[in-house]
Amino acid sequence: MGCWKQEITNTWAFPTLILCLYGFFYMMKPSEPFLTPYLTGPDKNLTTDEVTNQILPVWTYSYLALLFPVFLLTDYVRYKPVLLLQGISLIVTWLLLLFAHGVVAMQLVEFFYGTVTATEVAYYAYIYSVVSTQHYQRVTSYCRSVTLVAATAAAVLGQLLVSLGHVSYFYLNAITLASVSLAFLCAFFLPTPQRSMFFHRKDAPEPVPGPAQEPAAGAAHGPGSCQEEPSPDAAARSPQPPAGNARPRRHGLGALLRLGRDLRDCYGSRKLLCWSLWWALATAGFNQVVNYVQVLWDLRAPSHSSAVYNGAVEAIATFLSSVTSFLVQYMKINWDHFGELALGIFSAIDAGCLFLMHFLTNIWACYAGYLIFKVCYMLLLTIATFQIAVNLSMERYALMFGFNNFIALLIQTILTIVVVDSRGLGLDIVTQFLIYGSYFVVIHGIFMIRSVCVLVSCKCQRKIARSCTEQLNRAEHESREQIVTSYVTQL
């Protein structure tokens with residue numbers, strides 16, 4: 001019986017199934033599109049200025065403070081404890097949302113939700129430590145797809161309950177609390193990985209088809225491998241080399257030095273640097289818009305006197321983003337030549353959408369602008385992810401993913417302090433969207449200038465190549481003429 005249980009937990013299917021269940025319940029939050037109406041409504045009685053300038057900025061600050069330590073801690077403790085921490089933070093967040101009152105209590109909500117978002121890295125990195133490399137593409141597809149499905153289903157469910165069932169926002173949050181509690185329970189059934197990407201690497205990679213990558217401890221084995229696969233208890237009983245305090249310190253320092261070298265090598269590539277720059281700049285602006293767009297919607301169509309369709313808009317945006325991201329694989333474009341041009345053009349579209357949301361007071365115009373904005377960002381993010389990941393190992397991609405998000409969060413924090421926070425300019429929500437539109441105009445300018453430089457360089461290179469080809473052809477022709485003339489002369 002124990003042998004069978006060990007075999008089940010060592011296959012790739014079991015941890016993938018549990019992690020997908022965790023991701024589904026974690027993303028099944030029907031109350032999320034209605035956070036601002038809930039906070040400014042009769043349940044909490046907070047003002048729009050309090051929500052915008054005092055409560056929501058706390059999420060950005062806590063996320064920034066926790067992201068880098070959690071990134072290292074996640075790898076050091078091998079993912080599962082951090083997933084449990086995320087589950088606890090989710091439960092505390094929604095308990096406070098349901099039963100606490102006042103600005104300080106809601107600031108605590110944002111702090112714990114900052115912990116939730118900082119620990120998301122554990123969800124996306126866990127699976128690569130328990131499955132073998134030949135299953136990477138499949139499990140990545142499963143884990144990401146289930147979160148998109150859950151987010152769409154949650155938004156649709158929330159909208160249906162509000163519009164048709166006339167369910168109060170309080171009960172939407174109660175449903176969310178039940179869902180995240182189930183996610184927390186699912187985390188207990190996840191097998192504990194025996195390795196991680198940086199601090200617990202295996203030196204001897206397993207032979208797999210395709211490019212050599214690092215082994216996965218949880219790879220599937222044949223039915224007769226139960227006696228050969230050491231259990232965690234057996235591994236603990238096996239003789240270990242003596243280790244003092246110095247060795248763990250050297251190991252940790254070595255891992256940090258390796259991280260530094262990997263970062264230097266990754267950003268030494270001009271192509272990766274360009275895509276990473278867009279990733280950081282655009283993600284900062286995108287997160288800022290998503291964080292405050294509900295406040296703008298509530299201003300354009302107050303929830304206490306108008307029908308609220310936030311859930312439907314989020315569901316449509318997520319669905320369209322998924323479709324466009326899926327269609328990227330069919331785009332036959334030379335991204336080395338036209339990647340910067342695409343970044344510049346779509347950044348201009350994003351800027352136009354934000355200006356539309358600023359200048360037009362109609363709620364449907366705001367909804368349409370948000371839909372186009374989110375779809376364009378997700379499309380470019382998919383392209384950027386592919387361009388960065390295509391020539392990197394899984395470890396280096398994870399490192400660049402974390403560092404790019406850290407830079408994005410740093411930029412977002414600066415925007416929050418200057419534009420949003422009551423200790424800074426404390427601008428009203430409409431003026432904020434004018435600033436965000438201008439911010440994307442700057443991104444557009446950066447990458448259009450870069451695009452012109454790349455296209456001019458490519459044109460010059462083609463001219464040089466054509467000139468060299470013509471000279472070679474001319475030289476070859478003259479050489480042939482000389483040979484024929486010499487031969488005729490000899491005759």
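Me: What makes two residues count as a contact here?
Reply: Contact means heavy atoms within 4.5 Å. In this predicted model, G158, L161 and V162 of helix 8 meet Y169, L172 and I175 of helix 9 on that basis.

Me: What kinds of residue make up the contact of helix 8 with helix 9?
Reply: Five are nonpolar, one is polar and none is charged. Gly counts as polar.

Me: Why are helix 8 and helix 9 called roughly antiparallel to each other?
Reply: Helix 8 (residues 136-163) and helix 9 (residues 169-188) pack at an angle of about 150°. Angles over 145 degrees count as roughly antiparallel. The pair is therefore roughly antiparallel. Their axes are 10 Å apart, and the crossing is right-handed.

Me: What makes E314 and K374 a salt bridge?
Reply: Their closest N and O atoms are 3.4 Å apart. The cut-off is within 4 Å, so the pair qualifies. E314 lies in helix 13 and K374 in helix 15, so the bridge ties together parts that are 60 residues apart in sequence. Both residues are buried.

Me: Why does K29 count as buried?
Reply: K29 has 3% relative accessibility. Buried means under 20%, so K29 is buried. K29 forms a salt bridge with E32, with the closest N and O atoms 3.8 Å apart. E32 is partly exposed, at 30%.

Me: Is R423 buried or exposed, and why?
Reply: R423 has a relative accessible area of 72%. Exposed means over 50%, so R423 is exposed. R423 forms a salt bridge with D421, with the closest N and O atoms 3.1 Å apart. D421 is buried, at 4%.

Notes: Residues are numbered from 1 along each chain as its sequence is written. This is a predicted model: local features need pLDDT of at least 70, side-chain atom pairs count only at pLDDT 80 or more; totals for chains, interfaces and linings use all residues. Side-chain values use heavy atoms; hydrogens and water are left out. Axes are lines fitted to C-alpha atoms, for helices over the stretch in contact, and angles run from 0 to 180 degrees between N-to-C directions. Helices (H or I, at least four residues) and strands (E, at least two) are DSSP runs, numbered from the N terminus. Angles under 35 degrees count as roughly parallel, over 145 as roughly antiparallel, 65 to 115 as roughly perpendicular and the rest as oblique. A crossing is left-handed if the near helix is turned anticlockwise from the far one by less than a right angle, and right-handed if clockwise. A salt bridge is a side-chain nitrogen of Lys or Arg within 4 Å of a carboxyl oxygen of Asp or Glu. Buried means under 20% relative accessible area, exposed over 50%, partly exposed in between (1.4 Å probe, protein chains only).
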